[in-house]
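Hi,

Here is the model I promised to pass on. Have a look at it first, and then read my notes below.

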Amino acid sequence: EKEDTENVLGWRTLEQSAVQLDVMREKAREIRENADVFVIVGVGGSNQAARAMIEALKDRKGPEVLYLGNTLSPYYIRHVLEQIEGKSIYIDVIAKNFETLEPGSHFRILRQWMRKHYTKEEMAKRVIVTGTYGSRLEEIAKENGFLFLSFPESVGGRYSAFTPVGLFPALAAGLDADGFLKGVQSAMNDCRKNPENNPAVRYGAARHLLYEKGYDIEMLVSFEPQYEYFTKWWVQLFGESEGKEKKGIFPASVDLTTDLHSMGQFIQDGSRIMFETVLNVEDSPAEVLLKEEAVDTD
């Protein structure tokens, strides 16, 4: 189905971010105080941004976060069920229209597990659903007393990081949502500058010029393993947005220096069909120094 681009770009302002923010803060505080495990049920845009943030920030203080709704592997699903056994869990089911196979089936699996461990009243506290108004997911929330968070219709799934889709999991996981939104606002301000100083315009122009010269693959390069899911989100953003009408730059990612020993040969001496964009962390919170050692001259 071809997406109507004009109807999914509500993320370009932060108006949707403030919706239900106080409700999200209060529920997130409850989760951090009572949950051993917080399970995010979603696929694609419904969990990519949240997972990118949560997995990138290892020093957070919050419950263990697990993910369902993003695979059809019975081994993976069984492993998650084993991990939550005997623990206090809360779940957030995220789906824009609740018509996708993976989130729907995994929600049913989790719901059956929870019914064995919690009363109906307790389940009502422990299940949060994030969807669009008028969807089947909203009906399920009303029928069961689950907290319902809004998935704005004006925001496409893969662009939903600044809405309850990305903000609530971040809050529940113990991340600084206010700092995140300030960073988003700063980036948006940068991208409203004149073209000469606008990073979005300059990046887009560089990509287009390279594409016209035959560079069909873009590699997002990171030197930090914890950014694995950030690069996966980036791949989705560009692949799903541009891969249309038999056109588009193919997005890929590598983790350096690990992948220098698997992909480095091709990157340096292979077909001249790719260019690299480097994700540079200017202010790392960690530092490891290799101290000078005495040399035995005997």
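**Helix pair and sheets**

The axes of helix α2 (residues 48-56) and helix α10 (residues 228-242) come within 7 Å of each other and cross at roughly 155 degrees. Axes here are lines fitted to C-alpha atoms, for helices over the stretch in contact, with angles running from 0 to 180 degrees between N-to-C directions. Helices (H or I, at least four residues) and strands (E, at least two) are DSSP runs, numbered from the N terminus. On the α2 side, the contact (heavy atoms within 4.5 Å) is made by Q48, A49, R51, A52 and E55, and on the α10 side by Y229, F230, K232, W233 and Q236.

Before you go further: this is a predicted model, where local features need pLDDT of at least 70 and side-chain atom pairs count only at pLDDT 80 or more, while totals for chains, interfaces and linings use all residues. Residues are numbered from 1 along each chain as its sequence is written, and side-chain values use heavy atoms, with hydrogens and water left out.

Now the sheets. One is open, with five strands in the order β2-β1-β3-β4-β5 and parallel pairing (two strands pair if DSSP finds at least two bridges between them). β2 (64-68) and β5 (147-150) are at its edges with a single partner strand each, so one side of each has no neighbour in the sheet. From one strand to the next, the twist averages 20 degrees. Inside this sheet, β1 (residues 37-41) and β3 (residues 89-94) pair in the parallel sense over five bridges, and I40 stands opposite D92 in β3.

The other open sheet has three strands, β7-β6-β8, again with parallel pairing. Its edge strands, β7 (250-255) and β8 (274-279), each pair on one side only. β6 (residues 217-222) and β7 pair over six bridges in the parallel sense, with P251 in β7 as the bridge partner of E218. α10 turns up again here: it lies across β6, β7 and β8, running at about 170 degrees to β7.

Leaving aside residues up to four places away in sequence, N47 touches I40, G42, Y67 and N70.

Cheers
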